[in-house]
Amino acid sequence: FTTTHTPDKPPSLLDTEDEEVVHHRRHLYKSRGEQKSRREVFLEKQKARKRDLTSYARSLAFEEASPNVTTSQPTPPIFSPSPASLPSAPEATVPEPQNHEDPEPTRDQLMHPEPLTDLPSDLVHGWYAVPCPSGQRCLVVSSGNRTLARLPDGSTMLWFPSSLPGGSNRSRGGDYCILDCIFHEPSATFFILDVMCWKAYSLYDCDTEFRFYWRISKLQEVPDAQAKSPNNPYKFSSLPYYDCSGPSLQAIFSSPSTAVGLERAAVVIYNKSTHYTFGPTPLVCVLDPAQQQPLLEAIHQGQGGDAQMGQGE
């Protein structure tokens with residue numbers, strides 16, 4: 001997704017609004033059950049599925065690519081597809097990696113959040129929230145002594161040296177990294193949302209808790225990647241993540257900026273147990289600004305994000 005900012009009033013549990021506005025906001029959480037059911041299907045299939053993506057990741061990392069930088073690609077929509085076009089629970093499938101016989105094998109490599117339509121019953125204890133700055137969503141691959149940033153369609157956005165493992169001629173041979181990032185051009189910074197490989201170690205089938213811990217702790221081991229220099233023209237920074245308790249979400253929603261000092265453009269929530277999948281998934285969701293207040297109200301009333309919220313008129 002490409003995060004953009006839509007101005008909105010920071011919500012507060014003490015806000016008073018007319019009944020029509022409150023009803024409209026709560027209606028946004030009227031559960032159809034579809035997304036909840038698909039979450040269950042995704043998690044069950046995840047348990048049963050055995051994937052070894054090490055060879056796949058290496059093929060992706062060392063895919064031959066032209067160094068010509070693409071600068072005129074259209075910006076993809078914020079979140080796609082829309083909920084109406086997603087499969088219902090009985091037909092829900094977990095997307096698999098693209099076949100490398102595909103003429104553009106580097107496309108469709110990112111996990112995409114869905115708009116939140118059903119409140120997770122385990123929101124408080126089973127999900128993380130990530131406030132995101134505005135920027136261009138991209139796949140960053142460091143390997144073979146160079147670093148590439150690719151748009152979601154697989155085209156090359158930037159080609160440069162970096163201090164990431166495998167990212168320049170100063171790197172150890174054989175190392176490579178695959179990262180899910182938001183590129184913020186004004187600050188020349190890649191903000192890391194997720195990590196799929198680090199130093200040739202595949203994390204595709206690790207849960208969110210481990211991947212998030214790994215992306216922060218491992219980047220701290222490479223301080224040169226966090227500062228701009230001739231050998232690292234773009235900075236790398238891991239986006240902080242938070243639990244979905246009432247106080248944490250209230251703090252996020254009440255601030256127009258993120259912990260990295262930039263204007264907040266979106267809040268994305270991640271199920272703690274999900275592996276990194278390809279394409280849209282109900283286990284990663286984006287919050288609409290109008291959903292923030294009813295979500296806080298549900299937690300404040302002790303429902304803890306219970307999916308029963310908004311079940312009736």
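Predicted model: local features only at pLDDT ≥ 70, side-chain atom pairs only at ≥ 80, totals over all residues.
User: How do α6 and α7 pack, at what angle and how far apart are their axes?

Analyst: Helix α6, residues 246–254, packs with helix α7, residues 292–300, at an angle of about 160°, and their axes lie 10 Å apart. Angles over 145 degrees count as roughly antiparallel, and α6 and α7 are therefore roughly antiparallel to each other. Their crossing is left-handed.

User: Which residues meet there?

Analyst: From α6 these are Gly246, Leu249, Gln250 and Phe253, which meet Gln292, Leu295, Leu296 and Ile299 of α7. Sorted by class, this contact of α6 with α7 has five nonpolar residues, three polar ones and no charged ones.

User: Switching to Arg264, where is that, and is it buried or exposed?

Analyst: Arg264 is in strand β11, which covers residues 264–271, and Arg264 counts as buried because its relative accessibility is 7%, with the cut-off for buried being under 20%.

User: And which backbone oxygens lie by its side chain?

Analyst: A polar atom of the Arg264 side chain lies 3.2 Å from the backbone oxygen of Ser255, and the backbone oxygen of Ile252 lies 3.4 Å from a polar atom of that side chain.

User: Last one: what is phi for Lys199 and for Ala200?

Analyst: Most residues other than glycine have a negative phi. Lys199, however, has a positive phi near 50°, and Ala200 has a positive phi of about 70°. Lys199 is in the loop between β7 (189–198) and β8 (201–202), and Ala200 is in the loop between β7 and β8.

User: Are they buried, partly exposed or exposed?

Analyst: Lys199 is partly exposed, with a relative accessible area of 43%, and Ala200 is partly exposed at 28%.

Key:
Residues numbered from 1 in each chain as written. Heavy atoms only, no water. Helix = DSSP H or I, 4+ residues; strand = E, 2+ residues; numbered from the N terminus. Buried < 20%, exposed > 50% of the residue type's maximum accessible area, 1.4 Å probe, protein only. Polar contact = N/O pair within 3.5 Å; in protein donor to acceptor, adjacent residues only side chain to side chain. Axes fitted to C-alpha atoms, helices over the stretch in contact; angles between N-to-C directions. Parallel < 35°, antiparallel > 145°, perpendicular 65-115°, else oblique. Left-handed = near helix turned anticlockwise from the far one by under 90°. Contact = heavy atoms within 4.5 Å. Nonpolar A, V, L, I, M, F, W, Y, C, P; charged D, E, K, R; others polar.
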